[in-house]
Amino acid sequence: MRDAELLLIVDDNVDNLKVLSGLLKREYRIRAATGGREALRLAEDEPMPDLILLDIMMPEMDGYTVCERLKSDPRTREIPVIFLTAKTQAEDEARGFRAGAVDYVTKPINPPVLWARVKAQLALAAQLRRARQELDEAGHRIARVTDERDRIEIRRRRLHDQQRALLAIARAALLDLSLDKYLEIALEAL
C-alpha cells in the first residue's frame, strides 16, 4: 500500500468522508479534510496528494475557491482535482472546469463511475508527469549538446586563427625580407 497513490478527500460532511474513504481505501492511501483551509494545508504536506476529490459547498471556503488557490500555487497546480458535488447545473459544472478541475462527479456518488474517473485521472496525471520528465531530460540533453557545440566552435575558431597566422608567417618566410621585417610580420600575425 506504500506505493499506492494518495488521495485527498475534502468534504465538510463527515459521513461523506467516511463513505468515500471506505470506498477508495482498498486501493489508495487516503487523507481527509473537512474544510477548504485544511485542504489547502494538507495539499502541501509531504507526500503531496496525487489527486484531490473536492466538495463545492462548504461553509468557510467553497470548493471553487479552494481549487483556484490550488491551481494558482506552483507547488499544487499540477494536482488533478475532481469536484464531487450535489450541484448539478451546467453552469456549476462549467465554473468548476474554469476553476481548474479535471472532472466533475455529481452526488449521490455512483461507486463504479467514481472508481473509473479516479483511475482515469490518476493515469492521465502519471502520463503527464512522465512526459514532463522526458521533456526536462531532453532539455538538459539539448543544453549539454549546445554547450559542447559552442566549445567546439571556439576551438575551431582558435585553430582557424592559428592556421591563418602560420600561413602569414610561412608566406613572409618566402619573401626576401630583412630579419627585422620578417619578425615584425610574424609578431603581427601572431
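This is a predicted model: local features need pLDDT of at least 70, side-chain atom pairs count only at pLDDT 80 or more; totals for chains, interfaces and linings use all residues.

Q: OK. How many helices and strands does the protein have?

A: Six helices and five strands. Along the sequence the pattern reads β-α-β-α-β-α-β-α-β-α-α.

Q: Is the protein spread out or a compact globule?

A: Spread out. Its radius of gyration is 32 Å, while the globule rule gives 16 Å for 190 residues, so the protein is more spread out than a compact globule. The C-alpha trace spans about 105 × 30 × 30 Å along the principal axes.

Q: What share of the residues is buried?

A: Of the 190 residues, 34% count as buried. The protein exposes about 12,200 Å², and carbon and sulfur atoms supply 54% of that.

Q: And charge? How many positive and negative side chains?

A: There are 32 positive and 33 negative ones. The centres of the two sets lie 2 Å apart.

Q: What about contacts across the sequence? How much comes from residues 24 or more positions apart?

A: They make up 55% of the contacts with a separation of 6 or more.

Q: Switching to single residues. Where is M58 found?

A: In the loop between β3 (51-54) and α3 (63-72).

Q: Buried or exposed, that M58?

A: Buried. The relative accessible area of M58 is 8%, and the cut-off for buried is under 20%.

Q: What is M58 in contact with, beyond its sequence neighbours?

A: Leaving out neighbours within four places, the contacts of M58 are V10, D11, D12, G35, G36, G63 and V66. Take V10: it sits 48 residues from M58 along the chain, yet their C-alpha atoms are separated by 9.3 Å.

Q: Now rings. How many aromatic pairs does the structure hold?

A: Three. One of them is Y64 with F83: the ring centres are 5.6 Å apart and the planes are at 70°, so this pair is edge-to-face.

Q: Which elements does that pair link?

A: Y64 is in helix α3 and F83 is in strand β4 (residues 81-85). The two are 19 residues apart. Both are buried.

Q: What about F83 and Y104?

A: Their ring centres are 6.3 Å apart with planes at 65°, so that pair is edge-to-face too. It links strand β4 to strand β5 (residues 103-106), across 21 residues. F83 and Y104 are both buried.

Q: Which residues form the aromatic cluster, then?

A: Y64, F83 and Y104 form one cluster.

How values were computed: Residues are numbered from 1 along each chain as its sequence is written. Side-chain values use heavy atoms; hydrogens and water are left out. Helices (H or I, at least four residues) and strands (E, at least two) are DSSP runs, numbered from the N terminus. The radius of gyration is taken over C-alpha atoms; the globule rule is 2.2 Å times the number of residues to the power 0.38. Buried means under 20% relative accessible area, exposed over 50%, partly exposed in between (1.4 Å probe, protein chains only). Contact means heavy atoms within 4.5 Å. Accessible areas come from the Shrake-Rupley method with a 1.4 Å probe; for residues, only the protein chains shown count as cover. Lys and Arg count as positive and Asp and Glu as negative; His and the chain ends are not counted. The place of a charge is taken as NZ of Lys, CZ of Arg, CG of Asp or CD of Glu. Rings of Phe, Tyr and Trp (its six-membered ring) pair if their centres lie within 6.5 Å; planes under 30 degrees apart count as stacked, over 60 as edge-to-face and the rest as tilted.
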